[in-house]
Amino acid sequence: MIRSELIDILAARNPHLYHQDAGRIVDTILDDIASAMERGERVELRGFGTFVVRHRPSRSGRNPKNGTAVFVEEKWVSFFRAGKEIKERINDDGKFDAAANA
């Protein structure tokens with residue numbers, strides 16, 4: 001699902017909302033999540049999952065093309081961990097076929 005599909009679904013389920021208002025709602029939520037992660041905060045949506053920012057220290061790596069050693073600088077990366085309810089819905093339904101979506 002992409003952002004525009006999410007907006008379409010939100011607008012369809014809430015006919016009292018204008019389509020552009022549904023877009024503003026989605027944008028506001030995603031922007032607030034991103035802002036919290038920028039500040040290093042953990043964002044938890046009960047029943048859905050948790051967004052966190054993790055630190056990856058600098059390290060020595062290898063260039064896969066020629067095998068030479070390269071320095072990889074430290075960085076911060078976003079990480080999502082699915083909640084219990086999402087995991088159960090994915091695994092218990094039997095509808096999701098990993099081979100078909102690969």
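## Exposure of Phe48 and Phe80

Phe48 has a relative accessible area of 39%, so this residue is partly exposed, a class that lies between buried (under 20%) and exposed (over 50%), as computed with a 1.4 Å probe on protein chains only. Phe80 also counts as partly exposed, because its relative accessibility is 35%.

The model is predicted, so local features need pLDDT of at least 70 and side-chain atom pairs count only at pLDDT 80 or more, while totals for chains, interfaces and linings use all residues. Residues are numbered from 1 along each chain as its sequence is written, and side-chain values use heavy atoms, with hydrogens and water left out.

## Aromatic pairs

The structure contains two aromatic pairs, where rings of Phe, Tyr and Trp (its six-membered ring) pair if their centres lie within 6.5 Å, and planes under 30 degrees apart count as stacked, over 60 as edge-to-face and the rest as tilted. The ring centres of Phe48 and Phe80 are 5.5 Å apart with planes at 50°, so this pair is tilted. Phe48 belongs to the loop between strand 1 (43-45) and strand 2 (49-56), whereas Phe80 belongs to strand 5 (residues 75-82), 32 residues apart; strands here are DSSP runs (E, at least two residues), numbered from the N terminus.

The rings of Phe51 and Phe80 have centres 4.9 Å apart and planes at 45°, so they too form a tilted pair. Because Phe51 lies in strand 2 and Phe80 in strand 5, the pair ties together parts 29 residues apart in sequence. Through ring pairs, Phe48, Phe51 and Phe80 are linked into a cluster.

Definitions and conventions
Helices (H or I, at least four residues) and strands (E, at least two) are DSSP runs, numbered from the N terminus.
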